[in-house]
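Below are my notes on the model you sent, as numbered points. They go from the overall division to the ligand shell and then to single elements.

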Amino acid sequence: MLTKTRLIKDLEKILPRANVLTELEERYVYSQDAANLPDIKKIADAVVFVENIEEVQQVVKTASKHKIPVICRGAGTNVVGACTVEHGGIILNFSRMNKILEINRQNMTARVQPGVIVGELQKQAEALGLYYPPDPSNLAVSTIGGSIAQSSGGARTFKYGSTKDYILDLKVVMANGEILQTGSNTIKNATGYNLGSLFIGSEGTLGIIVEATVKLIPKPQTRQVVMAYFDRISEAVNAVDSIIEQQIFPTTLDFMDKNALQTVEKFYPSGLLTDKEAALIIEIDGFAAAVDYQKNIILSILQNAKASAIQSSSNEEEYNHIWRARRSSMGACAKLKPNVTTDDVIVPRQNLAKLVLGIRKICEKYNLEVCMVGHVGDGSVHPQIPIDYRDEDEYNRLKLAKSEIYDLTSKLGGILSGEHGIGSAKRDYINMVVNPLALEYMRMIKKTFDPDNILNPYKIF
Ligand SMILES: Cc1cc2nc3c(=O)[nH]c(=O)nc-3n(C[C@H](O)[C@H](O)[C@H](O)COP(=O)(O)OP(=O)(O)OC[C@H]3O[C@@H](n4cnc5c(N)ncnc54)[C@H](O)[C@@H]3O)c2cc1C
């Protein structure tokens with residue numbers, strides 16, 4: 001059995017001393033993530049900052065030799081306990097592997113290190129007239145490595161797809177320290193198994209992403225956003241159906257319920273109409289003439305669909321104002337209690353109204369507050385539930401409510417996660433929606449890739 005002193009000595013042989021954190025407080029702060037799960041109390045044996053691929057290989061080889069866990073960490077913003085420490089081990093922090101290595105205009109690709117911030121890649125690409133669409137709401141802080149490992153989505157998934165649709169090639173350090181290249185620098189690739197897809201959404205359990213080549217697309221010429229308010233949730237959902245029936249293809253079809261509108265307005269006053277039951281946030285992008293054309297059709301659909309008020313952006317400042325309000329919802333909800341939990345249940349869109357109303361009923365039954373936002377175009381909902389984990393009774397009610405929400409989702413033909421992943425938070429529920437044989441194959445893949453179970457062990461299942 002490796003003693004902690006020996007582990008730290010080994011790590012200090014391969015990394016600059018300043019890049020190995022061993023103080024209790026330092027290990028403590030890196031051992032939790034945005035899920036802040038109260039049942040997980042273990043902390044890492046060491047936190048290391050890696051600066052290049054060779055260092056990652058050396059750390060993994062050390063961990064493999066001594067059979068101790070390695071848990072990757074981007075910005076730690078995942079909301080499912082995907083980079084918590086449950087069995088000790090080494091936190092591999094990627095914040096210093098944060099370079100955009102190349103943006104190739106001709107190929108429309110970017111080659112990046114895993115610690116690059118998603119919003120930064122977007123900014124750099126846009127400066128060259130290119131576009132990286134995946135947009136988790138916290139894109140100002142979350143990393144490419146973390147968003148690949150969590151298969152992150154965002155509001156623009158409706159039109160552009162999610163992170164998984166933009167990954168062309170990955171360089172991955174495997175559990176034994178070898179480097180695997182999964183794809184190519186080409187837009188298409190039908191050459192053998194699509195190994196890259198296994199790492200997308202694998203939550204750091206199959207390999208460690210040390211470089212990614214992502215696809216870019218031309219930057220849309222312009223964009224506008226419309227915010228429409230409704231007095232009934234079902235009317236908002238019907239409006240979404242009508243927009244899609246008219247063959248309009250907005251960038252986003254997002255949603256906020258009354259509680260979300262009121263909570264955002266309380267903490268981040270944005271001029272939201274707090275007496276309405278629901279709001280849709282509909283973005284359209286493309287060539288200016290096409291945007292105007294689509295916007296006019298959308299406005300008339302919204303009026304026919306009984307929207308009781310409509311706001312829309314006419315410039316970038318107003319556009320950002322509307323989106324800032326929508327993206328503030330989790331931050332606002334977090335101000336109601338010491339913690340907030342969120343979820344990302346998803347159903348076929350035809351069942352969305354039933355899901356939203358069902359979640360509300362379940363939360364009422366367990367006397368829990370809930371703010372709901374979501375990407376209604378995809379059928380996904382984020383019920384954000386503020387919680388004080390010190391209140392045991394409230395925590396128990398939360399667990400019962402979550403279990404019922406997953407059961408309802410499953411009955412409505414949905415799945416547990418559209419974009420946040422499973423981590424430790426939802427692993428006990430995965431068998432509600434994934435069939436036993438599929439789970440068995442997943443476990444066999446894990447065993448093949450990581451026979452000693454050192455890569456972020458016991459996450460997902
Ligand atoms: C306010 C807020 C809003 C959010 N909005 C959205 C949203 O709209 N859509 C959405 O999809 N998600 C959203 N999320 C969830 C979260 O942002 C994403 O899961 C995020 O992309 C994770 O990135 P990260 O850099 O923080 O990764 P981390 O949390 O650090 O890590 C996530 C997982 O990836 C693994 N990992 C990290 N780096 C690597 C690597 N190099 N190789 C292998 N594995 C690695 C970790 O071990 C962990 O399992 C939101 C979160 C918050 C707090």
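**Notes on the predicted model**

1. The protein is divided into domain 1 (4-93), domain 2 (100-218), domain 3 (222-330) and domain 4 (336-437). The model is a predicted one, and the points below should be read with that in mind.

2. For domain 2 and domain 3, the C-alpha centres lie 29 Å apart. Five residues from domain 2 and seven residues from domain 3 make up the contact. On the side of domain 2 that touches domain 3, two residues are nonpolar, one is polar and two are charged.

3. The shell is made of 36 residues, and the closest are Gly 74, Gly 145, Gly 146, Ala 149 and Gly 204. By class, 14 residues of the shell are nonpolar, 18 are polar and four are charged.

4. Which elements supply at least two residues each to the shell around the ligand? They are strand S3 (70-73), helix H5 (144-149) and strand S10 (208-215). H5 gives the most, with four residues.

5. S3 also belongs to an open sheet of four strands, in the order S1-S2-S4-S3 and with mixed pairing. S3 and strand S1 (20-21) are the edge strands, each of which pairs on one side only. The partner of S3 is strand S4 (residues 90-93), paired in the parallel sense over four bridges. In this pair, Val 70 stands opposite Ile 90 of S4.

6. Strand S13 (residues 252-257) is mostly covered, with six of its six residues buried. Thr 252, Asp 254 and Met 256 point one way from S13, while Leu 253, Phe 255 and Asp 257 point the other way.

7. S13 has antiparallel neighbours. Six bridges join S13 to strand S14 (residues 278-286), and the two run antiparallel; Asp 254 has Ile 281 as its bridge partner in S14. Three bridges join S13 to strand S18 (residues 371-375), again antiparallel, with Val 373 of S18 as the bridge partner of Met 256.

8. The buried residues of H13 are Leu 352, Ala 353, Leu 355, Val 356, Gly 358, Ile 359, Ile 362 and Cys 363. An α-helix has 3.6 residues a turn, so residues three or four places apart point the same way. The buried residues of H13 pack against helix H8 (233-245), strand S17 (345-346), S18, strand S19 (380-387) and helix H14 (392-411).

9. Trp 323 is found in helix H11 (residues 316-327). Is this Trp 323 buried or exposed? Trp 323 counts as buried because 20 other C-beta atoms lie within 10 Å, and the cut-off for that class is 20 or more. Between Trp 323 and Leu 15, 308 residues apart along the chain, the C-alpha separation is 42 Å.

Notes:
Residues numbered from 1 in each chain as written. Predicted model: local features only at pLDDT ≥ 70, side-chain atom pairs only at ≥ 80, totals over all residues. Near = placed C-beta within 6 Å. Nonpolar A, V, L, I, M, F, W, Y, C, P; charged D, E, K, R; others polar. Buried ≥ 20, exposed ≤ 12 C-beta atoms within 10 Å, placed from the backbone. Pairing = 2+ DSSP bridges. Domains from an automatic or database assignment. Contact = placed C-beta atoms within 7 Å.
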